[in-house]
Amino acid sequence: MVTSVIGFPRIGENRELKFNTEKYFRNEITQKELFAKAAQLRLKHWKLLQKAGINYIPSNDFSFYDTILDTAFLFNILPQEAENLGLDTLDEYFALARGYQGKQGDIKALPMKKWFNTNYHYLVPQFDKKTRIKLVGNKIFSEFMEAKTAGINTHPTLVGPYTLLKLSDFAEDVKAEDFVTQITVAYAEVTSKFNELGATWLQFDEPSLVKDMSTEDRTLFNKIYEKLLTKKGNLKILLQTYFGDVRDNYSDLVNLDFDGLGLDFIEGRKNLELVKNGFPDEKILFAGVVNGKNIWRNNYQQTLKIIRQIPAKNTVLSTSCSLLHVPFSVANEDFKPEIKKHFAFAKEKLGELGELSSILEGQSSGALVKNQQLFTGNRIKSHLALKEKIANLTEDSFVRTPEFSKREAIQKKEFKLPILPTTTIGSFPQTREVKKMRAQFKRHELEQKEYDTFIAAKINEWLKWQEEIGLNILVHGEFERNDMVEYFGQNLSGYLFSKNGWVQSYGTRGVKPPIIWGDVTRQKPITVKWSKYAQEQTDKIVKGMLTGPVTILNWSFPREDISVRESTLQIALAIQEEVLDLEANGIRIIQIDEAALREKLPLRKSDWYSEYLDWAIPAFRLVHSKVRPETQIHTHMCYSEFTDIIPAIDNMDADVISFEASRSNLEILDELQAKHFQTEVGPGVYDIHSPRVPSVNEIKNAIHKILQKVPEQKIWINPDCGLKTRGEQETKASLKNLTSATREIRKEL
Ligand code: GLN
Ligand code: ZN
């Protein structure tokens, strides 16, 4: 059986692309050298796929930063200011990716957004009246030719016109529909050029089809493709979808003149049902059966069961999405063999496609038997007591008493805070020195005692400074933490950490998600030591600082043998123990961060509650359900993108929530007001993602805006997010202005 791959990780086995690109940013290598490195990597990856026996090998899945930005360059969707810089193409490209400040001018980076339900981020093309879509780029063609010269006939991949329009921003006086003709013509030119170059297949990625589609969306899609497909010539077109099912326009897809349809049978819950109701004989079904997002071995038996139900005459075995979202290879890890055998990263997934294909051809029954063994024995010894504990949770376990309004009154009395209390989100700058000390300690080059002395001194220094500028609620600064998930994972049983399991997050940045291997329990107190220490140094209140269960789960590779709900509840119980331990040790305010709560929100609105929020929000409540009424629970979310789930956020039943708001112009406040949000709020009064120092006046303006929408008794004053990525100077100057601004406003009230 024939096999295909939607896309392959481009950063390289050892993140070569990242390191070389960053060298180029620092002027340490030339453009020519960077191009040569990139070409080497591409060739290496194509050869790897070829060697693994993959029949349909993608090209143009490579990118120096992001494939959507590549597409904007391909089609001339570029802001005039960028062109005015007069830079060469690559530098203009990086200018739009990262912003540019230099001899040629000053422009901001394009906005960046989360790529569907992944942790990858793409750059958002900007359409306005002056936008003229036309084919101007060459990357997609030259990479195809590059592979062809190396003897590999690839299928170029390109984000399709519908998804491109859906993901872009439009100025007020234009809309997607205005560009239908231009975009159709430009994509048609791509097909005709590939006809000339002798390509066989072209893959259009249309993941936006798995989101809710309106009638207008369907019309838009059909309008473009009806025309475009008449221009395809001899080229075969694969319409590729992923991250969900195509229930809203499956009937259109089968009727349009596509040669292949790529469907995700992992996340696309309804796809099997859809194809069972009929799939045209003349089309090829590219069946996404090898998970492009997880790190676990494919369960062949289950996969075969799916494939055998597919009625298509011609099926190609494929990945469920691009392999961009998994690390390169397990071979580079030093897990014990009995652990390692359960994992498949990108490279190993190629092998799985091959094995599945031979099994289906009646060969390799050995592979099937071997695979079955992975799923029959007990991979881990399950923690029966924990299982029972979760089974015995009742509705009350998820409810904190007394209710919010009563607690609010109790806490006002307890803390006697001034109006508009000030605080920060948790971390203070992780200077080079802090990172160095932590790294040395990790490498055992530093004794525990020396390291502790250093951390303690850092905490003291910052506590003193916070007191000086008059912040009301202090933090210890999180100097002992590398990352808000890994730090907790390292102190919980059931977690594994890869050495080299990097996944691209955006541009040259990667993340290394920890792996949930087994049942999660708290082995020992995690944050108590430093929180307690900090609290003992001052008469002011120091907030305890934890990461919430949903965020810990969302930034890890989850298990598949139990539900994510079950895993999250395990984590929630572990964090609950930590919360109660902090409380018992004199910590009176505890912040439980849910920075990534929105991350795994299903792509279809109809699934938001039933598939996710209905268990995710209670999991958070479980963590703090047992604290005393006097203990104040804070939470923090990055991005204010929760306007549409405000009732769910209120339902977390925290006492206070802080969130990013400054960049979105505090728009969320209207919604909070309209929905009678009860939780006290700290909408960030300045943007921490920029080194700029906000003036006292700027902050006062932000506070005034908040005062217009939210009752003053409910307002907290804080920055947008944690300050760990900022420098010390700007942090201190900004926070000083924050406390001054607040004092001035208090006088006005
Ligand atoms: N408490 C964390 C910090 O300040 C929160 C980080 C985050 O929201 N991403 O660093
Ligand atoms: Zn944040």
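This is a predicted model: local features need pLDDT of at least 70, side-chain atom pairs count only at pLDDT 80 or more; totals for chains, interfaces and linings use all residues.
Strand 21 (residues 589-593) runs parallel to strand 22, and five bridges link them. Within this pair, Gln591 is placed opposite His634 of strand 22. Further along the sheet, strand 23 (residues 656-659) is joined to strand 24 by four bridges, again in the parallel sense. Here Val656 faces Glu680 of strand 24.

Strand 22 (632-637) is mostly covered, with six of its six residues buried. Side chains in a regular strand alternate between the two faces of the sheet. Gln632, His634 and His636 point one way from strand 22. Ile633, Thr635 and Met637 point the other way. Both sets are buried.

Cys638 counts as buried because 22 C-beta neighbours fall inside 10 Å, where 20 or more are required. Ile645 has 18 other C-beta atoms within 10 Å, so it is partly exposed. Ile645 and Ser320 are 325 residues apart along the chain, and their C-alpha atoms are separated by 29 Å.

Ligand 1 has 13 residues around it. Ile425, Gly426, Ser427, Ala595 and Gly722 come nearest. By class, the shell around ligand 1 holds six nonpolar, four polar and three charged residues.

A second open sheet contains seven strands in the order 1-7-9-10-11-12-13. Its pairing is parallel. Strand 1 (58-59) and strand 13 (314-319) form the edges, each pairing on one side only. Inside the sheet, three bridges connect strand 10 (residues 236-240) with strand 11 (residues 260-264) in the parallel sense. Leu238 stands across from Gly260 of strand 11.

For residues 3-312, the unreviewed UniProt entry lists "domain: Cobalamin-independent methionine synthase MetE N-terminal". This span is 41% helix and 15% strand. Its end C-alpha atoms lie 15 Å apart.

Several backbone features occur in loops. Asn60 is placed between strand 1 and helix 3 (67-74). Its phi is near 70°, a positive value in a residue other than glycine. Asn60 is buried, because 26 C-beta neighbours lie inside 10 Å. His676 is in the loop between helix 26 (668-674) and strand 24. Phi of His676 is also positive, at about 50°, although the residue is not a glycine. His676 counts as exposed because it has 9 C-beta neighbours inside 10 Å, and the limit for that class is 12 or fewer. A cis peptide bond joins Thr401 and Pro402, with omega about -10°. Pro402 sits in the loop between helix 16 (384-391) and helix 17 (404-415).

Confidence scores complete the description. The chain has a mean pLDDT of 96, and 100% of its residues reach 70 or more. The ipTM of the model is 0.99 and the pTM is 0.94.

Methods: Residues are numbered from 1 along each chain as its sequence is written. Chains are lettered from A and ligands numbered from 1 in the order in which they are written. A residue is near a molecule or strand if its C-beta atom, placed from the backbone, lies within 6 Å of it. Ala, Val, Leu, Ile, Met, Phe, Trp, Tyr, Cys and Pro count as nonpolar, Asp, Glu, Lys and Arg as charged, and the others, Gly among them, as polar. Two strands pair if DSSP finds at least two bridges between them. Helices (H or I, at least four residues) and strands (E, at least two) are DSSP runs, numbered from the N terminus. UniProt positions are given in the numbering used here, feature names are shortened, and annotations may be inferred rather than shown by experiment. pLDDT is the predictor's confidence in each residue, from 0 to 100.
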